[in-house]
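This report describes a single protein chain, part by part. The sequence and the structure come first.

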Amino acid sequence: MGALRHRATTADERWSESYYFSFIDVAQNTSGFFRIGLEENAGCSNVWCAVFRDGKSLYQRFQFNLPYCAASLSYIAVGGLHLSIAGAGLYAICFEDRQLKIALRWESLHDEIDMHKAMGGLSDAVARGHGARLW
């Protein structure tokens, strides 16, 4: 298993590792997020991409039941979403399909947050069987 990845903590088929990256471009009044879900026990992956402009949804794409990706986050590609580490707290995020092509140089505003540690006992109640990292 690659860098920054959790191992499944339960045999539950719904167990999922999540990586979530949000962004905002104030000058363009554009924001959005990318989420990669890796369902180790179910053997599949999923992607959620959303872009908003002027407070309205410009684009949303959910892709479920994609082939499982065991790659590290050094470079991972799932359903048209490509994520690679470009340096400490710096990522290259690219997404492309028929309706949208986007490439971001994404820089974190804070250190990575392991949501299980940050949420304590609440983690099991809200995201049971879910490994999550937030940047």
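Y91 counts as buried, at 5% relative accessibility; buried means under 20% relative accessible area, exposed over 50%, and partly exposed in between, with a 1.4 Å probe and protein chains only. The model is a predicted one, in which local features need pLDDT of at least 70 and side-chain atom pairs count only at pLDDT 80 or more, while totals for chains, interfaces and linings use all residues. Residues are numbered from 1 along each chain as its sequence is written, and side-chain values use heavy atoms, with hydrogens and water left out.

Y91 sits in strand β7. Helices (H or I, at least four residues) and strands (E, at least two) are DSSP runs, numbered from the N terminus. S84, in strand β6, has Y91 among its contacts, together with L73, S74, Y75, L90 and A92, when neighbours within four places in sequence are left aside. Contact here means heavy atoms within 4.5 Å. S84 and L73 are eleven residues apart in sequence, and their C-alpha atoms are 6.3 Å apart in space.

## Overall make-up

The protein has two helices and ten strands. Read from the N terminus, the order of elements is β-β-β-β-β-β-β-β-β-α-α-β. Of its 135 residues, 38% count as buried. Among contacts with a separation of 6 or more, 39% are between residues 24 or more positions apart.

## The nonpolar core

In soluble globular proteins, nonpolar side chains tend to be buried together. A nonpolar core is defined as a set of buried Ala, Val, Leu, Ile, Met, Phe, Trp, Tyr and Cys residues joined through side-chain atoms within 4.5 Å. The largest one here has 23 residues, and those touching the most other members are F34, I76, V78, L83, I93 and F95. At least two residues of this core come from each of β1 (16–25), β2 (30–39), β3 (44–53), β4 (56–67), β5 (75–78), β6 (81–87), β7 (90–96) and β8 (101–107).

Which residues is I76 in contact with, leaving aside its neighbours within four places in sequence? They are I36, L38, C69, A71, L81, H82 and L83.

## Cysteines

C69, at 12% relative accessibility, counts as buried. C49 is buried as well, with a relative accessible area of 0%. A search of the whole structure finds zero disulfides, a disulfide being a pair of cysteine sulfur atoms within 2.5 Å.

## Cavity and pocket

On a 1 Å grid over the protein atoms alone, a cavity is a set of points where a 1.4 Å probe fits but cannot get out; a pocket is an open set with protein on both sides within 12 Å along at least five of seven lines; lining residues have an atom within 4 Å of a point. Grid points are joined across faces, edges and corners, and a volume is the space filled by probe spheres set on the points. The whole structure holds one cavity of 30 Å³ or more, and the largest cavity has about 30 Å³ of space. Its lining consists of Y19, F21, F34, R35, I36, L81, L83 and I93. β1, β2 and β6 each give two or more residues to that lining, with β2 giving the most, three. By class, seven of the lining residues are nonpolar, none polar and one charged; Ala, Val, Leu, Ile, Met, Phe, Trp, Tyr, Cys and Pro count as nonpolar, Asp, Glu, Lys and Arg as charged, and the others, Gly among them, as polar.

The largest pocket has a volume of about 240 Å³. Twelve residues line this pocket, and S22, F23, I24, W106 and E107 are the closest to its centre. The elements that supply two or more lining residues are β1 and β8. The pocket lining divides into six nonpolar, three polar and three charged residues.

## Two asparagines with positive phi

N29 lies in the loop between β1 and β2. Although N29 is not a glycine, its phi is positive, about 50 degrees. N29 counts as partly exposed, at 44% relative accessibility.

N65 is in strand β4. Its phi is also positive, about 55 degrees, and N65 is not a glycine. At 65% relative accessibility, N65 counts as exposed.
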